[in-house]
Amino acid sequence: MPAVSKGDGMRGLAVFISDIRNCKSKEAEIKRINKELANIRSKFKGDKALDGYSKKKYVCKLLFIFLLGHDIDFGHMEAVNLLSSNKYTEKQIGYLFISVLVNSNSDLIRLINNGLKNDLASRNPTFMNLALHCIANVGSREMAEAFASEIPRILVAGDTMDSVKQSAALCLLRLNRTSPDLVPMGEWTARVVHLLNDQHLGVVTAATSLITTLAQKSPDDFKTSISLAVARLSRIVTSASIDLQDYTYYFVAAPWLSVKLLRLLQCYPPPEDGALRSRLTECLETILNKAQEPPKSKKVQHSNAKNAVLFEAISLIIHHDSEPTLLVRACNQLGQFLQHRETNLRYLALESMCTLASSEFSHEAVKTHMETVINALKTERDVSVRQRAVDLLYAMCDRSNAKQIVAEMLSYLENADYSIREEIVLKVAILAEKYAVDYTWYVDTILNLIRFAGDHVSEEVWYRVIQIVINRDEVQGYAAKTVFEALQAPACHENLVKVGGYILGEFGNLIAGDSRSSPLVQFNLLHSKFHLCSVPTRALLLSAYIKFINLFPEVKGTIQDVLRSDSQLRNADVELQQRAVEYLRLSCIASTDILATVLEEMPPFPERESSILAKLKKKKGSLNVPDIDDSRKNMNGNGNVEHNNNSEPNDVTTKSPASVVADLIPTNRPRPTSASPILLSAGIMSASHPFTDLLNLNSPPATGGGGGGGGGGRGSGSLLVDVFSDLSSQAPAPAPAPAAAAEVSEENFSRFVCKNNGVLYENQLLQIGLKSEYRQNLGRIYVFYGNKTSAQFQSFTSAVTSADSLKSHLDVHAKPVDPVIEGGAQMQQIVNMECISDFTEAPLLNIQFRFGGALQNMAVKLPVTLNKFFQPTEMNSQEFFQRWKQLGAPQQEVQKIFKSKQPMDSDVTKAKIIGFGVAFLDGVDPNPANFVGAGVIHTKTTQVGCLLRLEPNTQAQMYRLTLRTSRESVSQRLCDLLSEQF
């Protein structure tokens, strides 16, 4: 039991807390609490002559019980009565109880307000501070109405103690945030601003916070604060640390006040008064000079405080954007931080330089650091720093360095984290368009984008390249030739097929004179991709075919045979069927002149803002994105790239499917990340990123009548339709021939139970890496195959197979892969899955290829386990143990006691439980050494709630794991999986 001090120590409270801590179970704790509540209730009701000490003790017990998670429905009046006590400890407990338990709609609020008014009028600084703290903590509208006019009077009164002024300023700040319309500052404004001259720096600090917030709302009313803020800042930065001993933090004079003053000055433009402006410039120069001085202490607190003031000063310099010398100096100072060993400083430097790059005075200075930023993009470990490096390269780009920056971004894109690929694609597309002197380079850049990151190339990007090609006669022939060559690759991304189908349908005649790209060759090349594409792309290709009939009459018969085939005229998709029928009839009955009129070349698009730029602005929010040059604003920006039959119906003003999905699907659960250098080289990102286009839900809904807009009304009833929409028209991945039966590798299977990324298999020839994403009962695995040799892998096949007993529980589809992997290259395969019901087995990944003439055959167990379909569930202590009782049937609980296989580290254990997929419930179990979690397994047929409790015994080096779920088979499987991790 903790020691009880004499005097004001409450022995009864200490004993009660000790009893609660000693309870062996939740039931014992509840029993002890109920007993105490009954005792307190009887004391309050029976003994009318309770002294202040007893009231304080019992109110303290009620407060402690409430903080344990139990409801308290009495004792409020006794707490209010404590406010009238003249003893500090009793009054303090009363205010504490009110701040925590009393609702703003309570019937007692009037009595509480009377007590607050009495204390505010008492002139006792201790009691006034308690009252102000209570008002700020509650912060209700009722209190704002009652005290909004009283607190400013206390703040500016000449006889108010400094400590009370601090509390009053912060209390007023709180009320202004909750009820800004109720805080009248008109008559108090000048006197509040004058507090910046107060001799007590604590008062100045609190007043600066208040004035900054008020100035953001009414800048004109607080404009007089500029001169006072500059004067105070000047005194601070020019003073020695010994001058402000009480407010010096690790040899930095008043760093918090300095930051607040600099932030206040950012509410206004540069001072108009020359002397004041000169004095502010001198302050900023002094801060920059001090940053160059050797540190006065090696402790991190010193550098943190010093850098906090420096970065806020640089923010003010950037905000004013009027002093070229200061801007260049700030840029050079930030450049020194780009290679600092502290990650946070590198991040902040890159972020600040992004803003500096937009200034005409400092843009050239920022460009001098381009090589350092490019190196950071290639070598930086932290993904957030790499993202800021991408932002800075984008901001510093101009005509002189555009090709180099775009090339570096394209190079990085191949191994970039999936969370930022879409943004990089948008930025590369914008830069390529903005600074393209030769539009052949622009076409090459966009096609490379599609090759490197086709899944992340949004519709706006490929719409835009088509708009530009149509509007630029000089690039049409080159674009047709380039996409024709690109389509000859064995595996093309579907976006490349869309671009190729559109451009060849419009301008294929420009390259038809070469026998290698004759009309029939062009048609056969496009049609060879037809069966691999989704319905919208097939619809676009059918439109290209009818265009071919107009451009190349010699292939009319061949195309009519295709349109006449049963696979088109009797297609299950009504849109494709309708197009085939209508195009066939059009080609048969229309004369050559009518056909030429109906299918004439697309006219140029009108001038509008680039749809890519619009998307990036929407994605980045308030971030300033440079506009496209006026000379290039001659393209359609609404994304409506259309054939004569309304090819792709889309409007960038509507909410994109990606954002709709983000609104509907909860955020990703945290997963432990891996820092393996092998994974980084394989381009596998950490699992803490937000989901981007998870499960291919970004595909726009099919609409009728579009040449490339595709199909006919796909319903939204099943997510599985969306998940496999890009597979519906593709043949399944070919299963390897049953050559020599490969031994199944399970070596790394268990390592993936609590993580989603890593190397699954590796030998002297091949490395297989995984990156997985799961959402409810749906999942997607990106499988990366790395050729570790210098020779080709030929006849490469990879397929996922499931045992018959697993097929009815887990639906798995794998995309086909390229049959050739070059030496030292890497290839990606996407595997989509849906959990139908709970399962115990795992699918197999079967791989075959030829290397050096010899057939290689291997099988790897894919780490798809039941816990991957967890959704974490947050619970408090009461909810958890209530649910624990409900799952108390013998068949619902599985318990396992096992020896620890590795050192018992609590942080590692916590990370594994979070990685297992459940929500880690901290502070729920009475024993703080135990680990508790909760989650829901999502399957297509049902949802299974799960509670787990892991009890370590460090002395015996053993664990006891208990799982309770509503289904016995789930409990057993989860117990087996988790127990193997410790």
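Which helix does threonine 189 lie in? Threonine 189 lies in helix α11, residues 189-193. The notes below start from the whole model and then go region by region.

1. **Basis.** This is a predicted model, in which local features need pLDDT of at least 70, side-chain atom pairs count only at pLDDT 80 or more, and totals for chains, interfaces and linings use all residues. Residues are numbered from 1 along each chain as its sequence is written, and side-chain values use heavy atoms, with hydrogens and water left out.

2. **Overall make-up.** The protein has 41 helices and 17 strands. Both are DSSP runs numbered from the N terminus: helices are H or I with at least four residues, strands are E with at least two. Of the 982 residues, 55% count as buried. Buried means under 20% relative accessible area, exposed means over 50%, and partly exposed lies in between (1.4 Å probe, protein chains only).

3. **Surface and contacts.** Among contacts with a separation of 6 or more, 71% join residues 24 or more positions apart. A contact means heavy atoms within 4.5 Å.

4. **Threonine 189.** Back to the opening residue. Threonine 189 is buried, because its relative accessible area is 10%. Leaving aside neighbours within four places in sequence, threonine 189 is in contact with Asp221 and Phe222.

5. **Strand β6.** Look next at residues 778-787. In β6, 10 of 10 residues are buried. Both faces are covered. One side carries Leu778, Arg780, Tyr782, Phe784 and Gly786. The other carries Gly779, Ile781, Val783, Tyr785 and Asn787.

6. **Partners of β6.** Two strands pair if DSSP finds at least two bridges between them. β6 pairs with β5 (residues 766-775) in the antiparallel sense over 10 bridges. Here lysine 771 has tyrosine 782 as its bridge partner. The hairpin of β5 and β6 has 2 residues between the strands, and glutamine 776 takes a positive phi near 55° there. β6 also pairs with β9 (residues 826-835), again antiparallel, over 9 bridges. Arginine 780 has asparagine 832 in β9 as its bridge partner.

7. **Strand β4.** Why is β4 (residues 757-762) largely enclosed by the rest of the structure? Because 5 of its 6 residues are buried. β4 pairs with β5 in the antiparallel sense over 5 bridges. A hairpin joins the two strands through 3 residues. Asparagine 757 has lysine 771 in β5 as its bridge partner.

8. **A separate listing: the four-strand sheet.** An open sheet of 4 strands runs in the order β3-β11-β10-β7, with mixed pairing. β3 (744-745) and β7 (794-801) stand at the edges with a single partner strand each, so one side of each has no neighbour in the sheet. β3 and β11 (residues 854-861) pair in the parallel sense over 2 bridges. Serine 745 stands opposite valine 860 in β11.

9. Serine 795 is in strand β7. Its phi is near 55°, a positive value in a residue other than glycine. Serine 795 is partly exposed, with a relative accessible area of 46%. Tyrosine 250 is not a glycine either, and has a positive phi of about 50°. Tyrosine 250 is found in the loop between β1 (248-249) and β2 (252-253). Its relative accessible area is 31%, so tyrosine 250 is partly exposed.

10. **Valine 437.** This residue sits in the loop between α23 (418-434) and α24 (439-453). Valine 437 is exposed, with a relative accessible area of 73%. Its C-alpha atom is separated by 8.7 Å from that of arginine 399, 38 residues apart along the chain.

11. **Second largest cavity.** A cavity is a set of points, on a 1 Å grid over the protein atoms alone, where a 1.4 Å probe fits but cannot get out; lining residues have an atom within 4 Å of a point. The second largest cavity is lined by 13 residues, and Thr281, Leu284, His320, Ser322 and Glu323 lie nearest its centre. The elements giving two or more residues to this lining are α15 (274-292), α16 (300-320) and α17 (324-337). The largest share, 4 residues, comes from α15.

Notes. 1 Å grid on protein atoms, 1.4 Å probe; cavity = no way out; pocket = protein on both sides within 12 Å on 5 of 7 lines; lining within 4 Å.
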